[in-house]
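User: I would like to learn how to read a protein structure feature by feature. Could you take me through one?

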Amino acid sequence: MVKRGLLSVIAGPMFAGKSSSLLQKVLWLEYNNKKTLVIKPHIDDRYDPDNIVTHDQLSHHCVSAIDLELVKDNYNIKPYNFDTVFIDEVQFFDPKETLWFVEESLQSGVNFVCAGLDQDYRGVPFDTTARLMALAETVEKITAHCTVCGQPATKTHRTSKSNLRVQVGGAESYEPRCIEHWSR
């Protein structure tokens, strides 16, 4: 019988260090000669289409995926190929497809670490992140620092005028805010 893989989720607002935390775990496993697969959504092309790049410019090569079914078709996600699969910006992937991809791979014995926004700029939870958090063995909920007062920030404030739920951006469009200084 195959031992089930473990799922860890890193969640929080923008600028909390989710991608940095994920990359730290990737580098640690690679240093220990573990086989990893690192994935990000194709929509996240802010800094580099072929790398996960943090806001402070740390980077690591990754598979940029349109959808996870294509990753499943092109990579054999089994423990003899990968010890751990990492997914950054997981909120941008379809919830149903992501849960299928992760669950099937966990059942085959592959570990997962997923990082993503827990809420949009309006405070509405992202379904993909929320569902993965509910299934995870460990959840690391991290905070940023409020750009107004410096207190722990659990919210993402959009500074641009767009009403779209998903608008990929960085410091030009978003700020971390504490609950007191956050507005929808």
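**Reading the features**

Analyst: Start with helix α1, where Lys18, Ser19, Ser21, Leu22, Leu23 and Val26 are buried. Buried means under 20% relative accessible area, exposed means over 50%, and partly exposed is in between, with a 1.4 Å probe and protein chains only. Helices (H or I, at least four residues) and strands (E, at least two) are DSSP runs, numbered from the N terminus. This is a predicted model, in which local features need pLDDT of at least 70 and side-chain atom pairs count only at pLDDT 80 or more, while totals for chains, interfaces and linings use all residues. Residues are numbered from 1 along each chain as its sequence is written, and side-chain values use heavy atoms, leaving out hydrogens and water.

User: What span should the 14 residues of helix α1 have?

Analyst: The expected span of a helix is 1.5 Å times one less than its number of residues. For α1, residues 18-31, that gives 20 Å, and the end C-alpha atoms are 20 Å apart, so the two agree. Just after α1, asparagine 33 has a positive phi of about 60°.

User: Which residues does serine 21 touch?

Analyst: Contact means heavy atoms within 4.5 Å. Serine 21 is in helix α1 and counts as buried because its relative accessibility is 10%. Not counting residues up to four places away in sequence, serine 21 touches Ile10 and Glu140.

User: How many aromatic pairs are there?

Analyst: Rings of Phe, Tyr and Trp (its six-membered ring) pair if their centres lie within 6.5 Å; planes under 30 degrees apart count as stacked, over 60 as edge-to-face and the rest as tilted. By this rule there are three aromatic pairs. One of them joins tryptophan 28 and tyrosine 31, which is stacked because the ring centres are 5.8 Å apart and the planes are at 25°. Both residues lie in helix α1, three residues apart, about one turn of the helix. Tryptophan 28 and tyrosine 31 are both exposed. Phenylalanine 101 and phenylalanine 112 form an edge-to-face pair, with 5.7 Å from centre to centre and 90° between the planes.

User: Where do phenylalanine 101 and phenylalanine 112 lie?

Analyst: Phenylalanine 101 is in helix α3 (residues 95-107) and phenylalanine 112 is in strand β7 (residues 111-117), so the pair ties together parts that are eleven residues apart in sequence. Phenylalanine 101 is buried at 0% relative accessibility, and phenylalanine 112 is buried with a relative accessible area of 1%.

User: Which residues of the largest nonpolar core touch the most other members?

Analyst: In soluble globular proteins, nonpolar side chains tend to be buried together. A nonpolar core is a set of buried Ala, Val, Leu, Ile, Met, Phe, Trp, Tyr and Cys residues joined through side-chain atoms within 4.5 Å. The largest core here has 24 residues, and Leu7, Ile39, Val85, Ile87, Phe101 and Phe112 touch the most other members. The elements that give this core two or more residues are β1 (7-12), β2 (36-41), β5 (63-65), α2 (68-74), β6 (84-87), α3 and β7. Among these, α3 gives the most, with four residues. Leaving aside neighbours within four places in sequence, phenylalanine 101 is in contact with Ile39, Leu68, Val71, Lys72, Ile77, Ile87 and Phe112. A second, separate core of 16 residues includes Leu22, Phe86, Ala144 and Cys146.

User: What do the buried residues of α3 pack against?

Analyst: They pack against β1, β2, α2, β6, β7 and α4 (127-135). The buried residues in α3 are Pro95, Glu97, Thr98, Leu99, Phe101, Val102, Ser105 and Leu106.

User: Which charged residue lies over the face of tryptophan 182?

Analyst: A charge sits over a ring if NZ of Lys or CZ of Arg is within 6 Å of the ring centre and within 35 degrees of the ring normal. Lysine 155 lies over the face of tryptophan 182, 4.8 Å from the ring centre. The charged end of arginine 158 sits over the ring of tyrosine 121, 3.9 Å from its centre.

User: How many disulfides does a search of the whole structure find?

Analyst: A disulfide is a pair of cysteine sulfur atoms within 2.5 Å. The search finds zero. For cysteine 62, the closest cysteine sulfur is in cysteine 114, at 14 Å, which is too far for a bond. Cysteine 62 is buried at 5% relative accessibility, and cysteine 114 is buried with a relative accessible area of 0%.
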